[in-house]
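Let's walk through this protein together, one step at a time. Have the sequence and the 3D view ready as you read.

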Amino acid sequence: VAVLTNGAGSAARAAMSFLRRATGHFRLCRSGLPEEEEDVDSSLCDGSSGVPVEIGLRDTSVSAWWDICKANISTDWFMQVTSDFTLARNFKLPVDTDAAGTRLLPISPFLDFDSESCGRECRDEVSRVRAGILPAANRHYLQAQTVYRTDVRSEFCRALEAANELLPDPVDPTPTAYFAYMERVIGDVGS
């Protein structure tokens with residue numbers, strides 16, 4: 001679990017305080033925090049039980065979407081969540097298999113571009129993705145419970161950084177951009 005805060009001080013301390021109350025589930029590891037942040041006990045990163053949590057500082061001049069590309073992920077799959085997400089005891093990553101049962105496929109919520117529910121922001125994002133990644137893009141993927149394959153995410157981020165140098169309106173690494181990239185490189189990602 002990576003917790004990226006907008007700056008040092010109160011935001012980082014608040015995140016650490018919350019996580020410390022959940023010590024049965026998390027352990028805190030220093031990642032980019034100033035040495036004076038005495039709340040971080042490095043001995044908690046020695047392989048003790050629980051999910052490792054890294055708290056890092058982020059440059060707020062860069063879109064928060066780039067956290068997807070910068071987070072240190074050590075698993076094959078990961079999921080981006082917001083602070084509204086609750087981890088259920090019996091949680092399973094929302095993935096399915098293809099018809100042959102040989103490939104895992106993410107199950108991620110989306111809106112079709114021409115749907116009544118796809119408002120201005122939804123259409124603007126799909127339009128940017130069409131211009132920068134996949135002209136046939138037609139879906140706006142939602143952040144909540146979007147599942148990423150780490151190796152594809154890394155390829156996507158490298159390709160997007162290179163493409164953005166040439167685009168007049170750079171594209172952020174949103175879930176919509178990620179799935180458009182997958183469709184361009186891998187083919188139809190299904191629904």
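A disulfide joins C118 to C122, with the two sulfur atoms 1.8 Å apart; the term is used here for a pair of cysteine sulfur atoms within 2.5 Å. A disulfide is a covalent bond between the sulfur atoms of two cysteines. The torsion about the S-S bond of C118 and C122 is -95°, and this link is left-handed. C118 is buried, with a relative accessible area of 2%, and C122 is buried too, at 6%. Buried means under 20% relative accessible area, with a 1.4 Å probe and protein chains only.

This is a predicted model, in which local features need pLDDT of at least 70, side-chain atom pairs count only at pLDDT 80 or more, and totals for chains, interfaces and linings use all residues. Residues are numbered from 1 along each chain as its sequence is written, and side-chain values use heavy atoms, leaving out hydrogens and water.

By the sulfur rule, the count comes to two disulfides. C69 and C157 form one of them, their sulfur atoms 2.0 Å apart. Why is the disulfide of C69 and C157 left-handed? The torsion about its S-S bond is about -80°, so it has that handedness. C69 lies in helix 2 (residues 67-70) and C157 in helix 4 (residues 150-164), so the pair ties together parts that are 88 residues apart in sequence. Both C69 and C157 are buried.

Now zoom out. The protein has five helices and nine strands, which are DSSP runs numbered from the N terminus: H or I of at least four residues for helices, E of at least two for strands. Buried residues make up 33% of the 191 residues.

Technical notes: Buried means under 20% relative accessible area, exposed over 50%, partly exposed in between (1.4 Å probe, protein chains only).
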